[in-house]
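Please read this report with the sequence and the 3D view side by side.

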Amino acid sequence: MWAVVPVRSFRTAKQRLAAVLSPDDRAALARRMLVTVLTTLRDCRGVDGVIVVTDGDDVVAVAASFGRVVVRDDGGGLARAVAAGL
């Protein structure tokens, strides 16, 4: 089984937290969340591979550090991002 992980660019992630977190803090949170997800998926026996779908070069760098396949998101929303990964 493969996992598809759609991820926004860190610089535009977590917009709903704008009232309580700065842009840098939101980006750092999104990065930590992605690292946690990729680490967890790496350690799952039933997961054969992971595809990260993203619109951000910053996300590509993190995904590549885990050796993950990256598909570029065309900005069409979550459903299209997942479909692109599939």
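This is a predicted model: local features need pLDDT of at least 70, side-chain atom pairs count only at pLDDT 80 or more; totals for chains, interfaces and linings use all residues.

Residues are numbered from 1 along each chain as its sequence is written, and side-chain values use heavy atoms, with hydrogens and water left out.

**Fold and dimensions**

The protein chain has three helices and three strands. Both are DSSP runs, numbered from the N terminus: helices are H or I with at least four residues, strands are E with at least two. Read from the N terminus, the order is β-α-β-α-β-α.

The C-alpha trace spans about 40 × 25 × 20 Å along its principal axes.

Contact means heavy atoms within 4.5 Å. Of the contacts with a separation of 6 or more, 59% join residues 24 or more positions apart.

**Surface**

The protein chain exposes about 5,400 Å², and carbon and sulfur atoms supply 56% of that area. Accessible areas come from the Shrake-Rupley method with a 1.4 Å probe; for residues, only the protein chains shown count as cover. Buried residues make up 31% of the 86. Buried means under 20% relative accessible area, exposed means over 50%, and partly exposed is in between (1.4 Å probe, protein chains only).

Relative accessible areas of selected residues:

| Residue | Relative accessible area | Class |
|---|---|---|
| R42 | 48% | partly exposed |
| D43 | 54% | exposed |
| V70 | 28% | partly exposed |
| K14 | 34% | partly exposed |
| R80 | 48% | partly exposed |
| D58 | 23% | partly exposed |

**Charges**

There are 12 positive and 9 negative side chains, and the centres of the two sets lie 4 Å apart. Lys and Arg count as positive, Asp and Glu as negative; His and the chain ends are not counted. Each charge is placed at NZ of Lys, CZ of Arg, CG of Asp or CD of Glu.

Side chains of opposite charge can pair when their charged atoms come close. How many salt bridges does the structure hold? It holds one. A salt bridge here is a side-chain nitrogen of Lys or Arg within 4 Å of a carboxyl oxygen of Asp or Glu. The partners are R42 and D43, with their closest N and O atoms 3.4 Å apart.

R26 is a contrasting case. R26 sits in helix α1 (residues 23-42). R26 is buried but has no salt bridge. The nearest side chain of opposite charge is D25, 8.2 Å away. Beyond its neighbours within four places in sequence, R26 is in contact with A13, K14, Q15, L17, A18 and L21.

**A positive phi**

K14 belongs to the loop between β1 (2-7) and α1. Most residues other than glycine have a negative phi. K14 is not a glycine, yet its phi is positive, at about 60°.

**Links across the sequence**

D58 lies in helix α2 (residues 57-65).

V70 is part of strand β3 (residues 69-72). With residues up to four places away set aside, V70 touches V52, T54, V60 and A63. V70 and A13 are 57 residues apart in sequence, and their C-alpha atoms are 18 Å apart in space.

R80 is in helix α3 (residues 78-85). R80 and T40 are 40 residues apart along the chain, and 24 Å separates their C-alpha atoms.
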